[in-house]
Amino acid sequence: MKKILITCFYLLMTAVISASGFLLPSVMSAYQDKQIFAKIEHTSMEPLELTYSSSLYDTLRLLSEGHYYVDYPLTGSSRTADEVYEIVLKLIGQFEDYGIILSDSEYTVTNHTITLQLAIASDNNRYTDAFGLSQEESFPASAPETDAEDAADSSPDITTAVVWACSVYFVSGYWMNFWIDDKSGKAVAFSMYTGQSLLLPDSMNTSSLDKFIGRLTDFLQDYYELPAAALYMPVVHSSNPLFDKNLAAAEADYSIQLKEDSGRLIQMPLRIRPEYMVLN
């Protein structure tokens, strides 16, 4: 019996020594890694601070520059989806009143979608830089510089704005997209995918386009209650074989300029193509 116990003891010790030899390298390696990691200086990660838009004009200016959208929680809004939808329906009616779209059954809404988004500035480049035109060059030079304007220019850039994205779909198969400022309830950007047969019903020529731009500028001036002007941007476009050149299908870029009381400009890009129009 004694021999059996001694044999079992030696077997147990052999197993313990074998296991220790097998596990020791990994244990020592983990211990050394822990010691090294403890000596490394770790930079504390501060939470990202966002500068939210405080006014409609700030939001308009933000969206006229480089930006992108991310989803935003509904708890961060001051309006409801139903309120925003009513705003969009009213806007469509105003478009009809100003002759921006035709007043007929083509614009009977069949469906819509609404989401809350956060617009985030992607860079600090002004929209006008893309056209090689500064703010000072694009508006009448007679506007005097004021202390308020200088102070505004030195203020930090707005980096974010809470907006509602609403898409409405019509019986005709066309659709429109609107971005509504959550605070003011005003549209700060929109796009129309309707085709120019409805956008410019008279004829697809320069005269018809000028009349349309005039109606759109009048609407924006009344809507934002700021002086508005449309400046044609000379951008070279490639020919589109889908459209007869004799129709002179309108393909143009503009800068819709709004002037604040301080003298600062809001310059919103307007793109008109044969199949769509986009503002901001």
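Trainee: Which residue in β4 stands opposite Y169?
Mentor: That's W175. Keep in mind that we're looking at a predicted model.

Trainee: OK, and how many bridges join β3 to β4?
Mentor: Seven bridges join them, with β3 covering residues 160-170 and β4 covering residues 175-181. The two strands run antiparallel.

Trainee: What holds strands of a sheet together in general?
Mentor: Strands pair through backbone hydrogen bonds, and the pairing can be parallel or antiparallel.

Trainee: Now the whole sheet. What's the strand order?
Mentor: Nine strands make an open sheet, and the order goes β1-β2-β3-β4-β5-β9-β8-β7-β6, with antiparallel pairing. β1 (67-71) and β6 (228-233) sit at the edges with a single partner strand each, so one side of each has no neighbour in the sheet.

Trainee: How many degrees does the twist average from one strand to the next?
Mentor: The average is 25 degrees.

Trainee: Which strands does helix α2 lie across?
Mentor: Helix α2, residues 56-63, lies across β1, β2, β3, β4, β5, β7 and β8. Against β5, α2 runs at about 45 degrees.

Trainee: How many of the eight residues of α2 are buried?
Mentor: Seven of the eight, so α2 is mostly covered. Among the buried ones are L56, D58 and R61.

Trainee: Switching to aromatics. How many aromatic pairs are there?
Mentor: The count comes to eleven. One of them is Y69 with W179, which is stacked, at 5.8 Å centre to centre and 15 degrees between the planes.

Trainee: Where do Y69 and W179 lie?
Mentor: Y69 is in strand β1 and W179 is in strand β4, so their pair ties together parts that are 110 residues apart in sequence.

Trainee: Are they buried or partly exposed?
Mentor: One of each. Y69 counts as partly exposed at 28% relative accessibility, while W179 is buried with a relative accessible area of 18%.

Trainee: What about Y98 and F219, why is that pair edge-to-face?
Mentor: Their planes are at 75 degrees and the ring centres are 5.3 Å apart, so the pair is edge-to-face. Y98 is in the loop between α3 and β2, F219 is in helix α7, and 121 residues separate them. Y98 is partly exposed, with a relative accessible area of 29%, and F219 is buried at 2%.

Trainee: Which residues do ring pairs link into a cluster?
Mentor: F95, Y98, F178, F190, F219, Y223 and Y224. As for Y223, K186 lies over the face of its ring, 4.0 Å from the ring centre.

Trainee: New topic: where is S77?
Mentor: S77 lies in the loop between β1 and α3, and at 21% relative accessibility S77 counts as partly exposed.

Trainee: Which backbone oxygen does the side chain of S77 reach at 2.8 Å?
Mentor: The one on L74. The backbone oxygen of R79 also lies 3.1 Å from a polar atom of the S77 side chain.

Trainee: And which residues is S77 in contact with, leaving aside neighbours within four places in sequence?
Mentor: Those are L116, W164 and D182. The C-alpha atoms of S77 and V163 are separated by 8.7 Å, and those two residues are 86 apart along the chain.

Trainee: Last one, S262: buried or exposed?
Mentor: S262 counts as buried, at 19% relative accessibility. Its place is in the loop between β7 and β8, and the S262 side chain reaches the backbone nitrogen of R264 at 3.4 Å.

Methods: Residues numbered from 1 in each chain as written. Predicted model: local features only at pLDDT ≥ 70, side-chain atom pairs only at ≥ 80, totals over all residues. Heavy atoms only, no water. Pairing = 2+ DSSP bridges. Helix = DSSP H or I, 4+ residues; strand = E, 2+ residues; numbered from the N terminus. Axes fitted to C-alpha atoms, helices over the stretch in contact; angles between N-to-C directions. Contact = heavy atoms within 4.5 Å. Buried < 20%, exposed > 50% of the residue type's maximum accessible area, 1.4 Å probe, protein only. Phe/Tyr/Trp six-rings, centres within 6.5 Å; stacked < 30°, edge-to-face > 60°. Lys NZ or Arg CZ within 6 Å of the ring centre and 35° of its normal. Polar contact = N/O pair within 3.5 Å; in protein donor to acceptor, adjacent residues only side chain to side chain.
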